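Please read the report below alongside the sequence and the coordinates.

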Amino acid sequence: MPGGIPAAVVAWLIALAVTAAAEAASALPPAFTRTALLLAVEAALAWAVLALAARTPLRAQVLQALGLLAAVRNAVLVPVSLVLVADAGGAAPGTMLALAVLVGLGTVAAMAVLVRRYLDLWQQALGRSRRVAGAVLLAMALVLLGVEAMPGRG
């Protein structure tokens, strides 16, 4: 992947723009500050893991790839948020349930592909086994969930 640090920054700005657009399309009130904080924490965690693993030559390329994956991940979640806040508009409850199930299944399938890409990327970036890559991915997800759960933000 061409680039370096400027390309990595652009990738994370794309992720921020995609996420902000997704929030704007949702009926939920946008929380741009929260979005920016979560993406910044995610990028900082990735940078720290790569620094700890002494994988400096790959750092910019991995950060760029992670930024683009974050943009795709957040775009994939848009239909779920739209269905959750959709006005049934006179549609039968069964129709809304069927729509929610279809959107949910499609999202799960897309996220499975994305998780596989994340695992592949971390395995290659760290030069370690799939288990180590999975452990890193899980640890990062737990930290991000903790940041997301922090009160008094947004």
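What follows describes the chain as a whole and then a selection of its residues.

## Basis of the description

This is a predicted model, in which local features need pLDDT of at least 70 and side-chain atom pairs count only at pLDDT 80 or more, while totals for chains, interfaces and linings use all residues. Residues are numbered from 1 along each chain as its sequence is written, and side-chain values use heavy atoms, with hydrogens and water left out.

## Overall fold

The protein chain contains 6 helices and 0 strands, where helices (H or I, at least four residues) and strands (E, at least two) are DSSP runs numbered from the N terminus. Read along the sequence, the pattern is α-α-α-α-α-α, and the C-alpha atoms fill a box of roughly 55 × 30 × 30 Å along the principal axes. Of the 154 residues in the protein chain, 35% are buried; buried means under 20% relative accessible area, exposed means over 50%, and partly exposed lies in between, using a 1.4 Å probe and protein chains only. Among contacts (heavy atoms within 4.5 Å) between residues at least 6 apart in sequence, 69% join residues at least 24 apart. The protein chain exposes about 8,700 Å², of which carbon and sulfur atoms supply 74%; these accessible areas come from the Shrake-Rupley method with a 1.4 Å probe, and for residues only the protein chains shown count as cover.

## The nonpolar core

In soluble globular proteins, nonpolar side chains tend to be buried together. The largest nonpolar core here has 29 residues, and those with the most contacts inside it are W12, L50, L66, W122 and L126. Such a core is a set of buried Ala, Val, Leu, Ile, Met, Phe, Trp, Tyr and Cys residues joined through side-chain atoms within 4.5 Å. At least two residues of this core come from each of α1, α2 (32–52), α3 (59–76), α5 (93–126) and α6 (130–149), and α3 gives the most, with 8 residues. Leaving aside neighbours within four places in sequence, L126 is in contact with V49, L50, A53, R55, V132 and V136.

A71 is located in helix α3 and is buried, with a relative accessible area of 6%. The C-alpha atoms of A71 and T19 are separated by 6.8 Å, although the two residues are 52 residues apart along the chain.

Side chains of opposite charge can pair when their charged atoms come close. A search of the whole structure finds 6 salt bridges, each being a side-chain nitrogen of Lys or Arg within 4 Å of a carboxyl oxygen of Asp or Glu. The table gives some of them.

| Salt bridge | N to O distance |
|---|---|
| R34 and E23 | 3.1 Å |
| R116 and D120 | 3.6 Å |
| D120 and R130 | 3.0 Å |

R34 forms a salt bridge with E23; R34 lies in helix α2 and E23 in helix α1, so the pair ties together parts that are 11 residues apart in sequence. R34 is partly exposed at 23% relative accessible area, whereas E23 counts as buried at 14%.

R116 and D120 both lie in helix α5, 4 residues apart, about one turn of the helix. R116 is partly exposed, with a relative accessible area of 47%, and D120 counts as partly exposed at 26%. D120 also meets R130 in a salt bridge, and because D120 lies in helix α5 and R130 in helix α6, this pair ties together parts that are 10 residues apart in sequence. R130 is partly exposed at 31% relative accessibility. Salt bridges that share partners join R116, R117, D120 and R130 into one network.

Not counting residues up to four places away in sequence, R59 touches W47, L50 and A51.

## Surface positions

I5, V9 and L13 form a nonpolar patch on the surface, with about 280 Å² of accessible area together. Patches are made of residues with over 30% relative accessible area and no salt bridge, with like charges joined within 9 Å and nonpolar side chains (Val, Leu, Ile, Met, Phe, Trp, Tyr) within 5 Å. V9 lies in helix α1 (residues 5–25) and is partly exposed, with a relative accessible area of 44%. A54, in the loop between α2 and α3, is exposed at 59% relative accessible area.
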